Amino acid sequence: MPDVVVVGAGFGGLAAAVELAAAGRSVRVLEAGPRPGGRADEVVVDGVACDVGPTLMTLPDVARAVFEAAGTRLEDEVELVRPEPAFRYHFPDGTQLDVHHDLEDTLAEVESVLGGRAAGDLERHLERARRIWGATAGSFIYGAAPSISRIVGMGPRAWLDLARIDAHRTLWDVICEDVSDWRLRWLLARYATYNGSDVRRAPGTLACIAWVEMGIGAWGVRGGLHALARALERVARRAGVEFQYDTPVREVLLEGRDVVGVGTEDMVLRSETVVCNADAMHVRDMLPARARRVIPERGEASTSGWVGIVRAARRRDRVAHEVVFPAAYLDEYADLFDRRRTPRDPTVYSCALAVAHGRDRWADADPLFVMVNAPALGDVPDPAPWSRLARRRLTEAGLMGADDPVVWERTPRGLATRYPGTAGAIYGAASNTMLSSFRRPANRVAGLGGLFLAGGSAHPGGGVPLCLQSGRRAARELLAADARRRG
């Protein structure tokens, strides 16, 4: 009987498994799919492997900490890459703006393209974002799940810091206060979509996302983000973790209020501690009906998206990441959150996988990852509208040809089927109120002994580094609970 069963081999489950094994626990990971990575998945099309999940890595120190717990280094297990420029933004007036890995280079680019005032505005906004990050990271990212009582107990100095994080104002209001150029406003507003939220309602605190990417930095991974998952699995195996794939867990077994194991279609695996790296709503469904209330119903869902792989005609001037804006960007948020429909005129994001991550190419074409935002439960069951919208926008921007085929695609409905409990939402609940962080499920499930949560729907939220941190927090909560029980 393993000391710990980890349900799911996404980034949260992998991080938890590594840290628990490094602490001396015997760990078995049960994964419903055929390989590690969860949503950091890949597909092979005509012999070329393509990422179909996250395409950017931030906060690499979180990943470093996981590898270091197992006695190795991130850089010894994967190669980080930073092609220049990092991003290219295409605006409807014909403006193109490049964002670089060095902030000074980005500010110089903004000054050259949009003028000195815009560069000064961006510098001032990013200084605000840096202050917010400094005030919130310890409490809302790296620490235990926030609660009102814990915030109260932090004392006056912490209260003062938290009073300065613009939680009572919307992100859009904060951006508009700092920045006058509409193109720069749109660029900064897009960071709300990094956790599937509405820039018109999300708290100004989310301005810190811009600092994380533009100030701290963003990286690719040689072989794609799936290669990071493979590396974590490799390190976990070296630490003694056992993996069992193609094994969906159907239920979490309880005796009274204590976990005693999990059940699959074919077996019962006994263990007094279980870490679930699955959507919190799916974990809720795996519990007996009498115990489900310990995991609250999810609030407003984050956005979903149509994702496609385009076999795009070869070009030498491709940029790692490109964003093509519509004619009226805020209308996209109205479609997503007010009308609950696929945007009629959407923003399209593309990642040139060979440039961003050193992925293989076809002999005559580049693999292009493409994404269009959509509601978690959209009103368009047929995938054709998404592919048409993306094709039109990318063709107009010159990023793909009119005859370049979409060789793989997944709709929000497909995402919901592949990842139960998500309802197609990529990031769990949206962060559309100042209390969103307090309502996100904690890593230790209160009211049940031995059940812990990791992944994008639990604290501290979605995205590669936050899922890794969620797994680390789940492991720490588990080890602390063990120490209390034995002490």
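Predicted model: local features only at pLDDT ≥ 70, side-chain atom pairs only at ≥ 80, totals over all residues.
Leucine 80 is bridged to valine 221 of β9.

Proline 85 sits in the loop that links β6 and β7 (87-90). The peptide bond between glutamate 84 and proline 85 is cis, with omega about -10°. Another cis peptide bond turns up between histidine 459 and proline 460, this time with omega about 5°. Proline 460 belongs to the loop between β20 (451-453) and α18 (464-486).

Glu84 shows up again at the surface, where it gathers with Asp102, Glu104, Asp105 and Glu123 in a patch of negative charge. Aspartate 102 lies in the loop between β8 (96-99) and α4 (103-114). Its relative accessible area is 38%, so aspartate 102 counts as partly exposed.

Then there are the residues other than glycine with positive phi. Aspartate 166 has phi near 60° and is placed in the loop between α7 (156-162) and α8 (171-178). With a relative accessible area of 13%, aspartate 166 is buried, because the cut-off for that label is under 20%. Arginine 340 has phi near 55° and falls in the loop between α13 (329-338) and β17 (348-352). Arginine 340 reaches 32% relative accessibility, so it is classed as partly exposed.

Technical notes. Residues numbered from 1 in each chain as written. Heavy atoms only, no water. Patch = residues over 30% accessible without salt bridge, like charges linked within 9 Å, V, L, I, M, F, W, Y side chains within 5 Å. Areas by Shrake-Rupley, 256 points an atom, 1.4 Å probe, with all protein chains shown as cover. Salt bridge = Lys/Arg side-chain N within 4 Å of Asp/Glu carboxyl O. Lys, Arg positive; Asp, Glu negative; His and termini not counted. Charge placed at Lys NZ, Arg CZ, Asp CG, Glu CD. Helix = DSSP H or I, 4+ residues; strand = E, 2+ residues; numbered from the N terminus. Buried < 20%, exposed > 50% of the residue type's maximum accessible area, 1.4 Å probe, protein only. Pairing = 2+ DSSP bridges.
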